[in-house]
Amino acid sequence: MSEPQPAPDPRGTAPAPRRMRPAQLLFEPPEATADPEHFFGLESLEDPGALLGRATELTLAFRAAADRATEFQAMAAAQLTDPGRFDRLPLAVVAERADWTEDYARKMVEFGHSLLRSGSTVPPDLD
């Protein structure tokens, strides 16, 4: 199945280039996580080339996951502070829940609004 492509920008600007899909993050089995030296099997790789390759894949995957999680945080913050919601939350409450400063929360809400306006994918439970 192919990746969905972003809709054309009505202002005529080209969409940002899509990033390469990172390596899939796999959850480690519970017995492996009990060993503090175990990290996605990297400790068992003896070939430095293979170790560099797999460690790089994991680094890219974690970065992509962190970026995507941040986008979802921003969209959720924007929706939770929306004045149109009867149950909207004050910015201070959102900041406290996310362990942010109020200034950072304000910036995240603005970022979330821009993502929502651009048609970024919103998780179903946030609609």
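Arg 54 is partly exposed, with a relative accessible area of 21%; buried means under 20%, exposed over 50%, and partly exposed in between (1.4 Å probe, protein chains only). This is a predicted model, in which local features need pLDDT of at least 70 and side-chain atom pairs count only at pLDDT 80 or more, while totals for chains, interfaces and linings use all residues. Residues are numbered from 1 along each chain as its sequence is written, and side-chain values use heavy atoms, with hydrogens and water left out.

**Salt bridges**

- The structure holds five salt bridges, each defined as a side-chain nitrogen of Lys or Arg within 4 Å of a carboxyl oxygen of Asp or Glu.
- Arg 54 pairs with Glu 57, with the closest N and O atoms 3.2 Å apart.
- Both Arg 54 and Glu 57 belong to helix α2, three residues apart, about one turn of the helix; helices (H or I, at least four residues) are DSSP runs, numbered from the N terminus.
- Glu 57 is partly exposed, at 39% relative accessible area.
- Arg 68 and Glu 71 form a salt bridge with a closest N and O separation of 2.5 Å, and these two also lie in α2, three residues apart.
- Arg 68 counts as partly exposed, at 28%.
- In the salt bridge between Arg 85 and Asp 87, the closest N and O atoms are 3.1 Å apart.
- Salt bridges with shared partners join Asp 103, Arg 106 and Lys 107 into one network.

**Nonpolar core**

- The largest nonpolar core has 13 residues, and those with the most contacts inside it are Ala 77, Val 94, Trp 100, Ala 105 and Val 109.
- Such a core is a set of buried Ala, Val, Leu, Ile, Met, Phe, Trp, Tyr and Cys residues joined through side-chain atoms within 4.5 Å.
- Two or more residues of this core come from each of α2 (48–80), α3 (91–98) and α4 (102–117).
- Beyond its neighbours within four places in sequence, Trp 100 is in contact (heavy atoms within 4.5 Å) with Gln 73, Ala 77, Val 94, Ala 95, Ala 105 and Met 108.

**Helix α3**

- Leu 91, Val 94 and Ala 95 are buried in α3.
- Seen down the axis of α3, its buried residues fall within an arc of 100°, so they line one face of the helix; the arc is that of the directions from the helix axis to the C-beta atoms.
- The face turned away from the buried side of α3 carries the exposed residues Glu 96 and Arg 97.
- The cover over the buried residues of α3 includes α2 and α4.
- Asp 99, which follows α3, has a positive phi near 60°.
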